[in-house]
Amino acid sequence: MSNVKPKPSTLTVSQHFWKYAIPSIAAMLVSGLYQIIDGIFVGHYIGFEGLAGINMAWPVICCIAGVGMMIGMGGGSLLSISRGEHKPKDGQRVLNNAVALIVILSVLAAVFIHYLGESLLLLQSANGTNFDMAMNYIEVFAYGAFFTAAATAFPLLVRNDENPSIATKLLIIGATLNIVLDYLLIAVYPLGLKGAAIATLLSQATVVVLGFSYFLSSHANTRIKFELGLLNPKQMKHIIVLGSSSLFMFLYFSFIIALHNYLFMKFGSAIHVAAFAIVGYVATTFFLLAEGIAGGMQPPVSYYYGAKQIDNIKSTVKLAVKVIVILALSTLAIINIFPEFVIGFFSSEDKVLMAETLVGMRLHLFALVLDGLIFIATMYFMAVNQGGRSLTISLGNMLIQIPFLLMLPSILGVNGIWLSVPLSNVALCILLSPLIFNEIKRVNNLKLGSVINVDATTAKQVNAII
């Protein structure tokens, strides 16, 4: 194992936060480019049917990416905690069990997609051209599920091994390769959505090879060790439980996108599904930034939690919330002042598509700040080893949207579909308020307990001297 790096505690709270937040934001943006780049090329070279097809395929692919995110976030949190507690052997055990989980669960995800992918598309009312295109897309990922899951997990594990810059470089390499391959397999050789899927999968495979090589190299603080004795079902379960909120967040996105697709086909047409795809790409850009900030908050908060530095936890969370709010307000200003410019990245010639997208963007994205705060809350509870509460927020975020999506379209038609998610976010934040206030009270009590313990220790030392 290489020499241990300087302790993060030598940094100020702000420096520690930005040390992880900047690479995390860059990493999330770069990883999200896989989908956004696909959308740009599909929108310009295939058209609205291609956008509708890829949007119907995405809920299926999310299942694989969610598995990788669960393992990366759960394993990464435990890796950070072990480093904060200065227990390198525990970190090595976490890493080995995380890699084993990637192999096992990606195989299960591949089987799931192979047998149920077509049914999931039909449930969204996919038909004709958009159905054929979507099937071409998911068939490729069914065979390469391991690379999609591993390419999601490895950069997170590398980041939490105190090498966020290397994690970012991995993703930059993958995204750059994806741009080149998208151009070749969509624009030069018109393979349609199958070409987009192949381009993404080859890029992800490159990230996996490089990520695995890192954990075998001298650059790694925690090394992969091929010993069966390090595999532990109990720890695998801990990784799954701790990271399960991330999986459910992906499942939530999958479910919500699929339900939107179904409702848009029912109350509108494929043009509305294509418009929803473009709005989704715009929203995804914000979500990636917000998740990057929340993800960058997690390693220092986990470290401070392991080191019992309560004031630093509070300062880090406050800083993350401030950045999220500023980002959300800035995003809303841009999409309302320059909407045609934003939409033009994905479609510039289809006027009907542009008009539908403009309406959807303004209705669907007005409560972005609440999405960002939900990300912060979910990541905070994961960082302080409270996977149950993190999971509660993720499940609540998913379940509360169902009644809104079932009721509002019948009342307001297509506009009701656009408004369902932002209005449900308002309701969720109201319901989560007691949980947040109780956590603030708990943290204050922890701080008080620390002070009492320090005072008791000081008293013992004084008595010893006397």
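Modeller: A residue counts as buried when its relative accessible area is under 20%, and in this predicted model 56% of the 466 residues of the protein chain count as buried.

Biologist: How many helices and strands does the protein chain have, and what does its radius of gyration say about how compact it is?

Modeller: The protein chain holds 16 helices and 0 strands. Its radius of gyration is 23 Å, close to the 23 Å that the globule rule gives for 466 residues, so the chain is as compact as a globular protein of that length. The C-alpha trace spans about 85 × 45 × 35 Å along its principal axes.

Biologist: Which way do α8 and α9 run relative to each other, roughly parallel or roughly antiparallel?

Modeller: Angles over 145 degrees count as roughly antiparallel. Helix α8 (residues 233-267) and helix α9 (residues 270-307) pack at about 155°, with their axes 9 Å apart, and the two are therefore roughly antiparallel to each other. The crossing of α8 past α9 is right-handed. On the α8 side the contact includes Phe253, Ile257 and Phe264, and on the α9 side Val273, Phe276 and Phe287 are among the residues involved; the contact as a whole divides into 8 nonpolar, 3 polar and 1 charged residues.

Biologist: Where is the place of Tyr305, and which residues does Tyr305 touch, not counting those up to four places away in sequence?

Modeller: Tyr305 lies in helix α9 and, at 30% relative accessibility, counts as partly exposed. With sequence neighbours up to four places away not counted, Tyr305 touches Ile313, Ala383, Val384 and Asn385. The C-alpha atoms of Tyr305 and Val384 are separated by 6.1 Å, although these residues are 79 residues apart along the chain.

Conventions:
Residues are numbered from 1 along each chain as its sequence is written. This is a predicted model: local features need pLDDT of at least 70, side-chain atom pairs count only at pLDDT 80 or more; totals for chains, interfaces and linings use all residues. Side-chain values use heavy atoms; hydrogens and water are left out. Axes are lines fitted to C-alpha atoms, for helices over the stretch in contact, and angles run from 0 to 180 degrees between N-to-C directions. Angles under 35 degrees count as roughly parallel, over 145 as roughly antiparallel, 65 to 115 as roughly perpendicular and the rest as oblique. A crossing is left-handed if the near helix is turned anticlockwise from the far one by less than a right angle, and right-handed if clockwise. Contact means heavy atoms within 4.5 Å. Ala, Val, Leu, Ile, Met, Phe, Trp, Tyr, Cys and Pro count as nonpolar, Asp, Glu, Lys and Arg as charged, and the others, Gly among them, as polar. Buried means under 20% relative accessible area, exposed over 50%, partly exposed in between (1.4 Å probe, protein chains only). The radius of gyration is taken over C-alpha atoms; the globule rule is 2.2 Å times the number of residues to the power 0.38.
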